[in-house]
Amino acid sequence: MTAYWCERAWLHSGVTPGVLVDTDGGTITEVSTAEHAPAGAHRLAGLVFPGFANAHSHAFHRALRGRTHDGGGTFWSWRTAMYALAAGLDPDRYRRLATAVYAEMAATGVTCVGEFHYVHHPQQGRYSDPNAMGEALRQAAADVGIRITLLDTCYLAGGIDTPLAPEQARFSDGSVDAWAARIADQRDTAHARTGAAIHSVRAVPRGDLPAVAAASGDRPLHVHLSEQPAENEACQRAYGLSPTELLHEAGALTPRTTAVHATHLSTQDITLLADSGTGACFCPTTEADLADGIGPARELLDAGVPLSLGSDQHAVVDPLLEARALEHGERLRSGRRGRIAPADLVTALTNHASLGWPAAGRIAPGAPADLVAVDLNSARTAGSRPEQVVLTATAADVHTVVSSGRVIATDGHHALAADLAAAIEEVWA
């Protein structure tokens with residue numbers, strides 16, 4: 001039995017002072033109030049949030065940070081560097097890199113990551129274990145002490161009516177059946193689950209979309225959706241449908257589906273997402289870095305679409321900055337402040353349900369014992385009302401991270417993050 005006493009905690013009822021969280025190790029068993037920390041309880045100063053969920057990650061993209069930001073270009077030219085990086089990955093290198101990347105995330109408050117995984121095979125042939133690359137990611141998360149949903153991605157084409165390019169070959173299983181057979185061999189554990197993903201309507205042909213949706217079963221299903229206007233234009237030319245309409249036709253929009261980016265949507269697209277119960281994952285710092293655009297977050301929320309947040313290519317790893325960027329994007333596109341309330345930003349920050357962990361993301365009995373303590377007296381947060389600190393704090397203010405009842409990071413440090421620079425250099429070597 002372990003108890004954590006929170007100076008203040010973000011509960012469903014609001015910010016509450018003096019909260020005692022009892023656990024049986026990995027799970028919260030009781031939440032009560034206590035004016036002072038009882039003997040033996042771990043004291044967490046400041047404001048304690050539930051663990052943050054990073055709903056969209058490409059771990060290997062972290063090695064691109066600081067290497068692709070000059071010289072102009074677009075999302076499409078950025079992909080060239082991404083393909084070159086992917087060519088340097090093997091299971092051992094990927095495990096070392098992902099371990100350091102997940103440790104970087106853990107120190108910022110992330111207790112669960114949704115890894116949108118498509119680097120499956122060697123450039124030629126197959127690994128003896130066809131899930132070796134995915135297993136490297138699962139092991140990396142286990143080593144760091146966070147949960148993972150491996151969003152194993154179906155990737156069959158180089159674009160609409162375009163064959164795979166040589167640099168994309170290792171992403172593909174060759175057919176929906178081969179992809180489905182491979183992911184069927186993956187087993188869920190207490191800390192790792194397998195989800196499914198459609199890379200995009202560019203990478204999965206129209207005729208294969210229904211089979212991917214069906215094969216995903218009851219797993220979470222994620223899909224890159226309308227990240228770029230060029231994707232919408234190509235889809236409309238080829239099929240006379242928007243990407244959202246195409247996914248709807250295929251039966252791929254359901255309450256277990258999350259549309260990642262959802263940047264360039266029509267009113268009809270928003271209605272289809274809402275009516276099907278589909279969620280949307282915004283990655284604001286990546287969408288800004290890649291000049292993708294600013295998506296209709298307020299319209300999606302108004303329609304009843306649940307939002308989640310991801311760091312995607314990890315140009316920034318800071319969940320609090322992602323939340324703030326979501327609101328700032330709304331301000332920039334609307335000319336108005338306060339478009340998304342702080343409470344709604346925290347809901348997006350802690351949306352573990354999109355990754356298939358519906359009990360997580362709350363400080364309540366039965367939830368995983370995931371706690372993120374934020375300093376309220378730093379140079380950034382001093383004077384902030386606790387209810388608004390999500391708009392003033394950064395990852396630098398996260399002083400303690402508890403995942404499944406265990407302290408995994410303190411004062412912005414996780415022991416395994418120290419290997420990050422070496423892991424990046426190894427992949428580029």
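A pocket here is an open set of grid points with protein on both sides within 12 Å along at least five of seven lines. The views below show a predicted model.

**View 1. The second largest pocket.** The volume of this pocket is about 220 Å³. Its lining counts 13 residues, and those closest to the centre are Thr 68, Gly 72, Gly 73, Thr 74 and Asp 289.

**View 2. Helix 1 at the second largest pocket.** Helix 1 spans residues 75-86. With 4 residues, helix 1 gives the most to the lining of the second largest pocket. By residue class, that lining divides into 5 nonpolar, 6 polar and 2 charged.

**View 3. The largest pocket.** About 520 Å³ is the volume of the largest pocket. Its lining is made up of 24 residues. Nearest the centre lie His 12, Val 346, Thr 347, Thr 350 and Gly 361.

**View 4. Strand 1 and helix 12 at the largest pocket.** The elements giving two or more residues to the lining of the largest pocket are strand 1 (2-11) and helix 12 (342-349). Helix 12 supplies the largest share, 5 residues. The lining of the largest pocket holds 15 nonpolar, 7 polar and 2 charged residues.

View 5. An unreviewed UniProt entry carries the annotation "domain: Amidohydrolase-related" for residues 47-407.

Note on methods. Residues numbered from 1 in each chain as written. Predicted model: local features only at pLDDT ≥ 70, side-chain atom pairs only at ≥ 80, totals over all residues. Heavy atoms only, no water. 1 Å grid on protein atoms, 1.4 Å probe; cavity = no way out; pocket = protein on both sides within 12 Å on 5 of 7 lines; lining within 4 Å. Points joined across faces, edges and corners; volume = space filled by probe spheres on them. Nonpolar A, V, L, I, M, F, W, Y, C, P; charged D, E, K, R; others polar. UniProt positions renumbered as here; feature names shortened; annotations may be inferred.
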